[in-house]
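Subject: Structure handover

Hello,

Here is the structure I promised to pass on. Please open it alongside this email; my notes follow below.

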Amino acid sequence: INARKKILKDKGAAPTDLEEEVAKALFDIEVTPSSDIKADVRDIMITGAQELETKSRNVVIVHFPYRVWKHVRKIHGRLVREMEKKFSK
């Protein structure tokens, strides 16, 4: 099991560094024993990620496939907090 399985891309398309970083963060949440959302994160994959610069900070936009959106909505608030912890620099 590795973070690469968290990325769903078209055949032949290579993931970007940011997408690999987001997938690794999702995988870390999944394997953390103390995480309360680890069971829900197991079913989640991403299709893409973008980084935007705003006036106050950088923002990462993560794209999910429609079929996992139900799982994402269920844990959205907690998932955002966990991802902010991982990406705060």
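Predicted model: local features only at pLDDT ≥ 70, side-chain atom pairs only at ≥ 80, totals over all residues.

In which sense do strand E1 and strand E2 pair, and over how many bridges? They are antiparallel, with six bridges between them. E1 covers residues 48-53, and E2 covers residues 58-63. A hairpin of four residues links E1 to E2.

Next, helix H3. This helix runs over residues 69-87. A straight helix of 19 residues would span 27 Å, at 1.5 Å a residue. H3 spans only 22 Å between its end C-alpha atoms. Where does H3 bend? Look at His-76, where the bend is about 75°.

H3 also has a buried set of residues: Val-72, Ile-75, Leu-79, Met-83 and Phe-87. What do the buried residues of H3 pack against? Their partners are helix H1 (17-31) and helix H2 (38-41).

Last, the aromatic rings. The count comes to one aromatic pair. The pair is Phe-64 with Trp-69, and their ring centres are 6.5 Å apart. Their planes lie at 40°, so the pair is tilted; stacked would need under 30 degrees, and edge-to-face over 60.

Best wishes

How values were computed
Residues numbered from 1 in each chain as written. Heavy atoms only, no water. Helix = DSSP H or I, 4+ residues; strand = E, 2+ residues; numbered from the N terminus. Expected span 1.5 Å × (residues − 1). Bend = angle between axes of the 7 residues up to and from the residue. Buried < 20%, exposed > 50% of the residue type's maximum accessible area, 1.4 Å probe, protein only. Contact = heavy atoms within 4.5 Å. Phe/Tyr/Trp six-rings, centres within 6.5 Å; stacked < 30°, edge-to-face > 60°. Pairing = 2+ DSSP bridges.
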